[in-house]
Amino acid sequence: MQADWQRVHLCVLDMANSKYEYVKDYEEEDEIMMPNLIVIRIEGRDFHRFSSVHEFEKPNDEQALNLMNSCATAVLEKFPDIVFSYGFNDEYSFVLKKESKFYQRRASKILSLITSFFTSVYVTKWKEYFPQMELKIPPSFQAHVISCPCVEVLQEYLAWRQNCCHVKNQYDTCLWMLIKSGKSEREAQELLEGTQKQEKHELLFQKFGINYKNLPNIFRQGSCVLKTQMEDIVKYNSNGIPIKKMQRKVILVHSRNIASRSFWNGHSFLCKEVGSFEKDVSKVKSEYVKAFQFERKLMPSTWIVIRIDGCHFHGFSEVHEFEKPNDGQALKLMNSCAVAVLEEFHDIVFSYGVSDEYSFVVKKDSHLYQRHASVLVSVIVSFFTSMYVKKWKELFSQTELKDPPYFDGRAVCYPSRKILRDYLAWRQVDYCRSH
């Protein structure tokens with residue numbers, strides 16, 4: 001009798017599931033087609049406030065930059081298809097190998113995974129770099145996808161980003177030296193308005209005795225984290241003689257010109273996995289490069305749902321010994337993070353979660369982040385991840401966080417309340433059916 005009831009119950013759930021599954025038709029494909037090279041650029045969200053709250057040294061905080069570099073290193077070690085990255089200040093760009101089939105080259109999937117993992121490592125490693133500073137507010141990042149049709153566009157992109165590093169760092173160095181000498185921020189900005197590169201050099205040298213070229217490379221040039229092949233000892237034979245083998249290594253380097261042939265082509269692994277640079281870039285054309293940003297603007301007057309899912313959470317739950325079939329503390333942690341998301345983003349009016357997933361409903365008339373899918377997905381996934389790591393000890397006080405948790409996300413538009421309700425019914429029925 002019990003078995004018969006269970007069969008009927010499953011049959012009813014199957015029928016309900018099939019009734020609501022049509023909502024999947026509203027999901028849009030966002031595959032980046034071959035042979036485009038994929039670049040994911042992440043940048044700190046409201047990091048001006050974050051750096052102020054955590055009292056970062058101005059104009060550059062070396063420990064904060066080292067933390068960013070450490071996160072980038074973790075990303076390259078985690079994801080085999082990412083072979084190169086470049087970062088400065090609060091941003092990092094990640095380059096995937098040209099033949100990559102990483103998550104079927106789906107833009108939202110790749111973007112959200114990298115942003116979430118980077119965020120998770122940032123919060124996890126915070127105490128390593130700031131042992132005396134409590135993490136007061138959760139850091140989060142937003143991201144964009146750049147689709148480069150050829151290696152020449154990638155080269156232009158890298159030249160543009162490093163030029164931004166040069167320009168920004170020189171300006172910030174002048175600005176903060178003036179502020180530290182007694183000027184107000186507005187006075188310092190007015191003094192620097194319209195000044196050229198050489199004039200800033202002279203200001204630093206004549207007024208403060210600073211030779212800009214002698215500042216640390218990490219400030220002036222930014223940092224590269226990349227994969228290379230190096231000979232390494234893998235074991236010793238019975239006579240104690242080392243046996244060596246070519247191994248992939250992740251290294252951190254600095255270069256005055258990362259878009260030059262001499263730098264790029266000097267790394268044979270990059271030439272093999274991405275392509276070689278045929279000539280040097282003479283002039284940076286930022287507007288040209290910006291045209292290759294892969295952006296999807298979500299339709300107006302529709303309900304936006306941002307759905308996030310735990311990545312490899314089956315393994316994560318086993319490593320951290322979650323109670324089966326349901327861990328009450330783990331579910332409370334997910335719910336606590338969802339509450340934090342709704343408190344942070346006022347345009348998100350409802351959320352529904354089961355197991356390791358959560359769906360966030362953005363109000364119909366919202367203009368949050370101009371309804372750009374990449375920014376909405378990356379910011380919400382990043383903030384949720386940040387809260388998950390930050391709140392871990394509150395819910396699992398006796399369990400060390402052994403692996404960085406991370407999530408993927410997607411954005412879907414639903415044109416009516418009925419279809420939105422059917423989407424939520426589908427998620428609930430699908431959960432009941434699987435359990």
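The model is predicted, so local features need pLDDT of at least 70 and side-chain atom pairs count only at pLDDT 80 or more, while totals for chains, interfaces and linings use all residues. Residues are numbered from 1 along each chain as its sequence is written, and side-chain values use heavy atoms, with hydrogens and water left out.

**Strand β10 and its partners**

- Helices (H or I, at least four residues) and strands (E, at least two) are DSSP runs numbered from the N terminus, and two strands pair if DSSP finds at least two bridges between them.
- Strand β8 (residues 303-310) is also joined to β10 by six bridges, in an antiparallel arrangement, and here I304 stands opposite V362 in β10.
- The hairpin of β9 and β10 has two residues between the strands, and in it S355 takes a positive phi near 50°.
- Strand β10 (residues 357-362) is mostly covered, with six of its six residues buried, where buried means under 20% relative accessible area, exposed means over 50% and partly exposed lies in between (1.4 Å probe, protein chains only).
- In a regular strand the side chains alternate between the two faces of the sheet.

**Salt bridges**

- The structure holds 22 salt bridges, each being a side-chain nitrogen of Lys or Arg within 4 Å of a carboxyl oxygen of Asp or Glu.
- Side chains of opposite charge can pair when their charged atoms come close.
- R41 forms a salt bridge with E43, in which the closest N and O atoms are 3.5 Å apart, and R41 is buried, with a relative accessible area of 7%.
- R261 and D280 meet through their side chains in a salt bridge of 3.8 Å, N to O.
- Because R261 lies in helix α9 (residues 261-264) and D280 in the loop between α10 (268-273) and α11 (286-290), this pair ties together parts that are 19 residues apart in sequence.
- R261 is partly exposed at a relative accessible area of 39%, and D280 also counts as partly exposed, at 41% relative accessibility.
- K290 forms a salt bridge with E287, with the closest N and O atoms 3.3 Å apart, and these residues are three apart in helix α11, so that about one helical turn separates them.
- K290 is partly exposed, with a relative accessible area of 41%, whereas E287 is exposed, with a relative accessible area of 56%.

**Cysteines**

- The structure holds zero disulfides, a disulfide being a pair of cysteine sulfur atoms within 2.5 Å.
- C150 is in no disulfide, and the nearest cysteine sulfur, that of C148, is 7.9 Å away.
- C150 is partly exposed, with a relative accessible area of 29%.
- For C337, the closest cysteine sulfur is in C311, and at 16 Å from the sulfur of C337 it is too far for a bond.
- C337 counts as buried, at 0% relative accessibility.
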